[in-house]
Amino acid sequence: MVRHNNQLPDNLPQLQNLIKRDPDSYKDDFHQQYQHFLSSLEVFALNPGEENKSLDELVMFIAQVAQCYPKECAKFPQHLVDLLKNHATTLDPIMRNCFVKALILMRNKNIIPAIDLLELFFQLLCCPDKNLRSFLQNHIITDIKNMNAKHKDMKLNSTLQNFMYSMLKDANPKAAKMSVDIMIELYKKNIWNDAKTVNVIATVGCFSKIMKVLVASLKFFLGHDDDEKGSDDSDSDNEVDLKGAIMQNRVNKKTKKRKKQLEQIKKQAVKAQKKKKNAPAFNFSGIHLVHNPQGMAEGLFKQLQSTNERFEVKLMHLDVISRLIGIHELFLFGYYPYITRFLQPHQRQVTRIMQFAAQASHELVPGDIIEPVLKTIANNFITERNSSDVMAIGLNATREICIRCPLAMSEDLLRDLAMYKTYKEKSVMMAARSLIMLYREQLPALLHKKDRGRLTEAQAERKIRAYGEVEVHETIPGAEALLKDSKEIDLGSEDDSDSDSNDGEWVNVSHSEDEGKNDGDNDEEDSDDDDDDEPDEDESEEEDGSEDDEVDDDTSDADEEDKEHSGSESEGNETPAKKKSLTVENSSENEGVQVLDAKEAAQELAMTRIFTDEDFKRINAAQLKKTVTNARKRPLEKDRAEFVKLNSIEMIYKKRKHDKESRLETVKAGREDREKFGWKDGRKNEHCSKTNRENRKRKNFVMMRHKARSKVKKSFRDKQKAMRKHLLHQKKMK
């Protein structure tokens with residue numbers, strides 16, 4: 001039998017392969033198939049609801065070889081587009097998927113422009129085919145991502161974005177939802193991460209009448225980067241141990257498999273090293289890029305007041321508004337009375353509502369506006385008729401609000417809340433003490449004298465700011481700590497010349513009397529912290545006196561050295577540079593020396609020297625030391641975070657239960673991953689039969705009582721009988 005390999009008219013895959021190799025030689029065959037496609041398309045248009053397998057194969061064949069004959073296939077995409085537009089909902093699902101795949105195949109070969117295909121795909125969203133919609137969405141995201149892979153085409157992106165924004169306003173809910181999903185996904189992938197995309201979602205998506213679009217837009221502004229951080233952590237956990245693999249390969253037996261594994265590990269290590277060198281891409285929260293946050297917050301609040309949607313949607317509105325107010329420091333005074341209505345212990349998600357109240361607080365909000373919120377929390381939560389957990393949560397929420405707006409607390413309310421520091425429940429007591437610790441740092445004057453604690457250096461230096469006052473630093477705070485070790489300051493020359501004499505001018509800097517005393521106090525506190533946590537006041541005074549004497553001696557010695565050093569320099573150099581120091585004694589003798597206090601010297605030091613990481617560590621350590629006294633070992637957090645963590649309100653001290661049920665639960669939890677206590681079954685197969693000795697242990701005692709009797713110690717007479725019986729038996733056996 002002869003085998004015919006050449007079956008070109010019927011074998012389309014073979015013809016496709018040959019055309020891709022040599023298009024000119026098979027041009028006539030392609031024309032024949034293309035004419036067959038046109039005739040089949042006319043027949044299919046008469047009844048588009050039926051499946052046509054031959055047309056399916058022809059469409060995919062022409063889509064595969066369309067780049068080989070661009071002139072002949074110029075109208076081929078338009079035929080498919082017209083068919084999908086005219087019969088989108090009536091087409092057979094298999095044929096519709098076939099036409100869409102053919103168009104995507106030609107789009108990947110850059111035969112069709114992207115904007116034309118997007119218009120068609122958004123029109124196909126009205127089709128009742130969920131798989132098709134998800135397929136189209138994935139293609140659009142992948143296509144736009146590939147277009148921006150090498151470099152961002154701003155003109156094309158602008159055209160596509162304008163089309164997406166118009167589709168966001170479409171009356172078709174599926175098209176609008178898909179457009180907002182695509183924009184959010186492209187923003188997360190750092191492709192359309194500009195302010196234009198964010199503001200369209202803020203102005204159109206957050207105020208859409210379609211609920212799914214509204215919820216998706218609100219969730220976009222509530223998103224965090226925690227998932228990305230978690231993925232980074234997982235990547236760091238799965239790092240390649242190249243050194244261990246090389247050592248293991250050196251010790252183990254050499255085989256082809258192990259050699260191949262080592263090569264793969266080396267490739268992974270090189271890939272990970274390249275990934276580390278790449279600049280990290282930061283994806284900021286979209287709420288920072290809103291152009292008109294005040295207008296957005298007012299619009300969302302108006303929409304919230306008029307909506308009758310579910311409680312979860314209202315919570316999302318409250319969350320977005322609170323974040324806008326807190327991050328951009330907005331004024332929306334109607335928000336606080338509205339949120340006060342929900343501050344009840346029996347309210348659903350009340351801890352989240354407290355979180356929103358804390359997020360919406362900032363220093364520019366007048367205290368009179370937030371004070372009713374604090375009073376409502378105090379009246380509804382911090383009362384003895386409630387449980388200790390409710391009271392502790394109320395105190396925690398009060399503390400979080402006061403961290404962001406300390407002036408909202410009145411003196412009478414603070415002193416009433418401070419009295420809970422001796423409450424019988426430890427959770428309430430610790431929450432009240434945390435509030436006291438906050439106001440010791442912020443506004444100690446509001447506390448009772450006995451609650452203010454011992455005055456620290458940081459509290460003495462801190463100025464109580466009035467409403468709206470901004471603290472402006474003239475130099476780096478805490479730079480005075482570097483003056484102890486840096487005895488010289490290079491101030492350079494007055495002239496702007498490039499002479500070499502301007503580069504190496506250094507002047508010894510000695511401390512003033514007050515500064516010396518402060519240094520002595522600091523040294524004394526260091527020694528006290530090492531020896532004893534709470535020294536007596538008399539001992540500290542004596543030590544201060546001794547330290548002052550030592551500092552005076554040091555300063556006098558330093559002055560003598562300064563005189564000698566300055567004298568030698570004035571003799572050797574003809575054009576001395578400008579010099580400044582902290583010298584107090586004998587300042588009239590040193591001509592050209594300017595007397596500076598500690599702050600001016602720190603400012604000069606910051607201007608004439610580049611601080612290193614070690615310098616900043618010493619500054620931070622000195623600032624931390626000022627906030628810590630013998631009575632307090634842990635300073636409070638001063639930096640205000642953008643968002644309030646729900647855990648900071650819900651986290652309360654809870655004493656462990658000691659009843660029988662709780663103890664049994666812990667006992668059972670400890671037995672889960674532990675081997676069974678007692679006799680271990682040594683059999684390899686647990687389901688095989690047991691020996692007679694093992695079976696005896698499971699039998700009833702009545703059945704085995706005669707066996708137990710034999711274990712009792714026998715009398716002499718019984719032993720004689722047994723021996724006689726044994727001997728007779730042996731005699732018979734012979």
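This is a predicted model: local features need pLDDT of at least 70, side-chain atom pairs count only at pLDDT 80 or more; totals for chains, interfaces and linings use all residues.
Colour by secondary structure to begin: the chain has 32 helices and four strands. Residues are numbered from 1 along each chain as its sequence is written, and side-chain values use heavy atoms, with hydrogens and water left out.

**Whole chain**

Now switch to a surface. The chain exposes about 47300 Å², and 49% of that comes from carbon and sulfur atoms; the areas are Shrake-Rupley values with a 1.4 Å probe, and for residues only the protein chains shown count as cover. Of the 734 residues, 37% count as buried, meaning under 20% relative accessible area, with exposed being over 50% and partly exposed in between (1.4 Å probe, protein chains only). If you draw contacts (heavy atoms within 4.5 Å), look at pairs at least 6 apart in sequence: 70% of them join residues at least 24 apart.

**Confidence**

The chain averages 77, and 75% of the residues score at least 70.

**Two helices crossing**

Select α7 (residues 130-147) and α9 (residues 173-188). Their axes come within 10 Å and cross at roughly 35 degrees; the axes are lines fitted to C-alpha atoms over the stretch in contact, with angles from 0 to 180 degrees between N-to-C directions. Show side chains, and you'll find Arg-133, Leu-136, Gln-137, Ile-140, Ile-141 and Ile-144 of α7 meeting Lys-174, Met-178, Asp-181, Ile-182, Glu-185 and Leu-186 of α9. By class, that contact has seven nonpolar, one polar and four charged residues (Ala, Val, Leu, Ile, Met, Phe, Trp, Tyr, Cys and Pro are nonpolar, Asp, Glu, Lys and Arg charged, and the others, Gly among them, polar).

Stay in α7 and centre on Arg-133. Beyond neighbours within four places in sequence, Arg-133 is in contact with Leu-125, Cys-127, Pro-128, Lys-174 and Met-178. Its C-alpha atom is 9.1 Å from that of Phe-122, eleven residues away along the chain.

Most residues other than glycine have a negative phi. Go to Glu-329, in the loop between α16 (311-328) and α17: it isn't a glycine, yet phi is positive at about 55 degrees. Glu-329 counts as partly exposed, at 33% relative accessibility. Then hop to Gln-349, in the loop between α17 and α18 (350-359). Gln-349 also has a positive phi of about 55 degrees without being a glycine, and counts as partly exposed at 41%.

**Last stop: Ala-479**

Find Ala-479 in the loop between α23 (457-461) and β1 (488-489). Is Ala-479 buried or exposed? Buried, with a relative accessible area of 0%. Leaving out residues up to four places away in sequence, Ala-479 touches Ala-602, Leu-605, Phe-611 and Ile-619. For a distance to draw, take the C-alpha atoms of Ala-479 and Arg-618: they are 9.0 Å apart, though 139 residues separate them along the chain.

How values were computed
pLDDT is the predictor's confidence in each residue, from 0 to 100.
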